[in-house]
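Subject: Structure handover

Hello,

Here is the structure for you to look through. My notes on what turned up follow below it.

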Amino acid sequence: MDSSPRLTIETDLSRIDARQWDALAGDQPFLRHAFLRALHETGCASPRTGWSPHYLALWRGETLAGAVPLYLKSHSRGEYVFDHAWADAFERHGLRYYPKLLSAIPFTPVTGPRLLAAGPDERAALARALIAFAEEIGVSSLHLLFPCDTDMRALREAGFLVRESVQFHWRNAGHADFDAFLASMSHDKRKKIRQDRKKVAAAGLRHRWLRGDAIGADELDFFYQCYRGTYFQHGNPPYLSADFFRRAHRDQPDAFVLILAERDGAPVAAALNLAGGDALYGRYWGATEYVPGLHFETCYMQAIAYCIAHGIARFEGGAQGEHKMARGLLPTPTWSAHWVADPRFADAIQRFLDEETTAVEGYLDELEAHTPFKQNTPDNAD
């Protein structure tokens with residue numbers, strides 16, 4: 001039997017066995033076969049919306065030894081790593097930037113594997129194969145967003161340009177309960193959180209946590225009403241449909257953690273998180289009325305309380321937002337990797353990234369000097 005590796009491009013994820021895919025993808029819910037198929041088959045991430053699946057698969061016989069979630073993109077929306085200036089520069093020079101190749105989870109700024117591989121040899125082979133495929137089809141560029149550290153080593157070795165950014169994550173220090181977490185914070189931050197919580201309570205709101213099959217159709221429908229409203233408030237239609245959420249919940253119910261804010265049993269706000277492995281991922285939020293402090297309480301404080309109660313190691317609060325530091329989320333570097341076909345633009349982008357990295361490192365240093373946690377000084381005493 002021939003066990004030499006072969007590469008294929010799959011435009012339909014259903015052609016790859018779910019068990020083999022999930023064995024490589026690990027326990028992050030966004031990388032699971034069912035989650036990705038739900039995005040594609042409900043039309044949220046599809047050729048019609050500018051996300052054309054071109055998954056790279058590495059086979060040894062009939063065994064999947066490696067894979068990359070990969071899309072041919074006709075725009076840069078829904079990515080959270082902004083390359084609009086690069087696209088503009090191409091256009092100003094009469095060159096085509098789109099379509100481009102993108103490895104990412106659509107609409108999801110969460111770090112995780114992008115080179116899904118059985119081992120380091122397969123990972124290196126995938127990195128090289130991505131460039132070869134980009135050259136073969138003649139795209140301007142190839143981008144991998146939010147890859148994990150293991151992927152980054154292979155991507156650097158393959159010659160990708162590296163871009164650094166910042167997110168804000170909470171890490172569980174083993175607090176006995178939420179009050180113990182609050183006690184670890186500096187006086188001013190602790191005071192502000194308690195003030196916000198009092199405002200939410202004074203509005204008659206209480207929070208309830210639901211996970212998995214405890215989330216019924218009514219709760220999911222209310223959440224979607226809130227999620228859709230958040231997008232329309234900002235003048236945009238939502239990326240994801242109600243059908244997507246229903247299907248994703250049906251296929252991986254235990255990944256869904258819904259936090260509801262209720263008044264007299266009637267829901268007012270909702271935050272939907274996904275759980276997997278040692279992490280809780282804050283993703284979607286909305287409310288039917290404005291209450292001071294409700295967003296921070298529902299999206300961050302309740303998620304942290306859930307993690308403490310259930311022994312979850314970290315909470316990732318989504319893209320950007322240094323305001324999250326005041327709620328105990330700390331700056332965390334994130335990465336993206338880029339290959340650009342035209343050597344003139346590759347050189348220019350490398351110079352830009354060198355300058356940007358210096359600025360990001362300085363920003364990280366500045367943020368880390370303003371920790372929200374106690375520093376054992378008299379000013380932080382109760």
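Leu36 sits in helix H2, which covers residues 33–41. Keep in mind that this is a predicted model. Leu36 has a relative accessibility of 0%. The cut-off for buried is under 20%, so Leu36 counts as buried.

What does Leu36 touch, leaving aside its neighbours within four places in sequence? Its contacts are Leu13, Trp21, Phe30, Leu31, Tyr55, Tyr71, Ile105 and Pro106. Gly282 is 246 residues away from Leu36 in sequence. In space, the C-alpha atoms of Leu36 and Gly282 are 18 Å apart.

Next, a pair of helices. H8 spans residues 217–233 and H9 spans residues 242–251. Their axes come within 10 Å and cross at roughly 140 degrees. Angles over 145 degrees would count as roughly antiparallel, and 65 to 115 as roughly perpendicular. H8 and H9 are therefore oblique to each other. Their crossing is right-handed.

Which residues meet there, in H8 and in H9? From H8 come Leu220, Asp221, Phe223, Tyr224 and Tyr227. From H9 come Ala242, Phe245, Arg246 and His249. By class, the residues of this contact are 6 nonpolar, 1 polar and 2 charged.

Now the salt bridges. Side chains of opposite charge can pair when their charged atoms come close. The count here is 26 salt bridges.

- Arg19 with Asp17: the closest N and O atoms are 3.9 Å apart. The cut-off for a salt bridge is 4 Å. Arg19 is exposed, at 69% relative accessibility. Asp17 is partly exposed, at 31%.
- Lys189 with Asp188: the closest N and O atoms are 3.2 Å apart. Lys189 is partly exposed, with a relative accessible area of 23%. Asp188 is partly exposed too, at 44%.
- Arg314 with Glu316: these side chains meet at 3.0 Å, N to O. Are they buried or exposed? Both Arg314 and Glu316 are buried.

Best wishes

Key:
Residues numbered from 1 in each chain as written. Predicted model: local features only at pLDDT ≥ 70, side-chain atom pairs only at ≥ 80, totals over all residues. Heavy atoms only, no water. Buried < 20%, exposed > 50% of the residue type's maximum accessible area, 1.4 Å probe, protein only. Axes fitted to C-alpha atoms, helices over the stretch in contact; angles between N-to-C directions. Helix = DSSP H or I, 4+ residues; strand = E, 2+ residues; numbered from the N terminus. Parallel < 35°, antiparallel > 145°, perpendicular 65-115°, else oblique. Left-handed = near helix turned anticlockwise from the far one by under 90°. Contact = heavy atoms within 4.5 Å. Nonpolar A, V, L, I, M, F, W, Y, C, P; charged D, E, K, R; others polar.
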